[in-house]
Structure formats: C-alpha cells, structure tokens
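Work through the exercises below with the sequence and the model at hand. Each task is followed by a stepwise solution.

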Amino acid sequence: VLACLFFVMQTSQRCAVRAMFDGRVVHSTVRRNATHRRFLVEIGTQTLVIKLQGFLFFGTVNAVEGLIRKVIDIATWENHPIRFLILDFSLVTGVDFSAAETLTRVQRLINAKGVVLVFAGIAMDSDTSAALQRVDLWMDRGMNIEVFSSLNEALEWSENEYLRSMYMSDLSAGYAPRKATLSMNQGHGELTN
C-alpha cells in the first residue's frame with residue numbers, strides 16, 4: 001500500500017504536458033507555395049498543439065484538463081479562439097481508465113465550442129488506442145474527433161482543412177484567392193475576406 005501511494009505521489013508530480021505550440025510555430029512537412037504558407041501562418045493561432053508525455057492517469061491528466069479549460073475560458077476564447085486542438089500522444093506510455101474518462105469530458109467541453117479534437121501519435125493497435133476506445137471516445141467520428149498515427153499527419157490534415165475553407169470561401173464569393181482570415185461564428189469556423 002505504501003509503495004502504491006509513493007508511486008502515485010511521485011508520478012503525479014511530473015507534468016504530463018511536455019510542450020504547447022500553435023500553428024504559427026509548428027507545421028507539417030508538406031511543401032506549400034508562398035501564398036499557402038503565409039495564410040497558414042496567419043491562421044495558425046487557431047490550431048493548438050499540446051504534446052503529452054509519460055503515463056496519463058488521474059494524478060497527471062487533471063493538469064491537462066485544467067490547461068484545456070483555461071484555453072477555452074471565455075476571456076481567452078474571445079482573444080484567441082481555436083478551431084483544432086491537437087493532442088500529441090507520441091511520448092505517452094499509457095492511459096488508464098480515469099484519464100480516458102477525463103479526455104471524454106474534455107471532448108464534450110470543446111465540442112460545445114465547435115472545436116475539433118485531433119488525436120495524434122496513436123497507433124490503432126496500441127494500448128493507448130484501446131484505452132481510449134474502451135470509453136467510446138472516438139467511436140462516433142461525427143463528434144468532431146479525428147485520429148492520426150503521427151503529429152505530421154494531424155498537422156497536414158488541419159492545414160488542408162484551412163486551405164479547403166479558404167478556397168470554398170473564394171469560390172462561393174466568385175473571385176480569385178486573396179488574403180483571407182478565419183473567424184469564429186457561433187462556435188463554427190468560417191472564412192471571411
């Protein structure tokens with residue numbers, strides 16, 4: 001019993017968040033033309049990447065939930081709304097049931113804001129994948145959840161979504177592509193010129 005308590009106390013003191021970036025700092029390895037790169041840097045504040053590490057359990061996942069709640073807090077949301085929240089599990093060694101349940105709660109919270117939750121660095125046959133599927137976290141892909149095996153794939157997908165929105169907006173307006181920005185309208189990303 002003492003060994004278990006010591007393990008929990010020691011492990012919960014480690015921070016589960018290794019780093020946090022936005023889309024201005026981290027990009028996919030896909031080569032883009034200058035116009036696309038400029039647009040993706042401008043819109044990059046609406047992508048948040050949280051790189052997780054270690055074993056996620058009730059003692060460490062609460063800090064992750066608190067950080068995400070702070071990001072979507074009303075004051076923060078009005079200044080820096082996000083469209084994609086990418087959680088990178090590349091350095092995560094495992095996830096217990098309580099941590100998976102907490103991530104389900106986080107998903108419901110950000111889904112209410114119209115934010116897409118993107119899991120990166122999860123192999124479909126891994127223990128982490130099994131733990132998240134046990135709580136039905138991504139059984140219904142209509143719930144604004146995407147899953148990728150690497151951070152690069154997740155970043156490429158989000159960049160393509162921004163570019164698709166840019167071109168759809170320009171085509172519906174009936175003119176050639178020009179400088180565009182993404183604004184949040186009623187919790188859903190929408191492109192404005």
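**Exercise 1.** Identify the residues that line the largest pocket, then sort them by class.

Step 1. The lining consists of Met 20, Asp 22, Arg 24, Thr 45, Thr 47, Leu 48, Val 71, Thr 76, His 80 and Ile 82. A pocket here is an open set of points on a 1 Å grid over the protein atoms alone, where a 1.4 Å probe fits, with protein on both sides within 12 Å along at least five of seven lines; lining residues have an atom within 4 Å of a point.

The model is predicted: local features need pLDDT of at least 70, side-chain atom pairs count only at pLDDT 80 or more, and totals for chains, interfaces and linings use all residues. Residues are numbered from 1 along each chain as its sequence is written, and side-chain values use heavy atoms, with hydrogens and water left out.

Step 2. Four lining residues are nonpolar, four polar and two charged. Ala, Val, Leu, Ile, Met, Phe, Trp, Tyr, Cys and Pro count as nonpolar, Asp, Glu, Lys and Arg as charged, and the others, Gly among them, as polar.

Step 3. Strands β1 (17-22) and β2 (47-56) each contribute at least two lining residues; strands (E, at least two residues) and helices (H or I, at least four) are DSSP runs numbered from the N terminus.

Step 4. The space in this pocket is about 180 Å³, a volume being the space filled by probe spheres set on points joined across faces, edges and corners.

**Exercise 2.** Describe the salt bridge between Arg 24 and Asp 22.

Step 1. The N to O distance between the two side chains is 2.6 Å. The criterion is a side-chain nitrogen of Lys or Arg within 4 Å of a carboxyl oxygen of Asp or Glu.

Step 2. Asp 22 is buried at 15% relative accessible area, while Arg 24, at 46%, is partly exposed. The cut-offs are under 20% for buried, over 50% for exposed, and partly exposed in between (1.4 Å probe, protein chains only).

**Exercise 3.** Which residues does the salt-bridge network around Glu 65 join?

Step 1. Glu 65 pairs with Arg 69, their closest N and O atoms lying 3.2 Å apart. Both sit in helix α3 (residues 58-71), four residues apart, about one turn of the helix.

Step 2. Glu 65 also forms a salt bridge with Arg 105, at 2.9 Å between the closest N and O atoms. Arg 105 belongs to helix α5 (residues 97-111) and Glu 65 to helix α3, so this pair ties together parts 40 residues apart in sequence.

Step 3. Through shared partners, Glu 65, Arg 69 and Arg 105 form one network of salt bridges.

Step 4. Glu 65 is buried at 9%; Arg 69 is partly exposed at 38%, as is Arg 105 at 34%.
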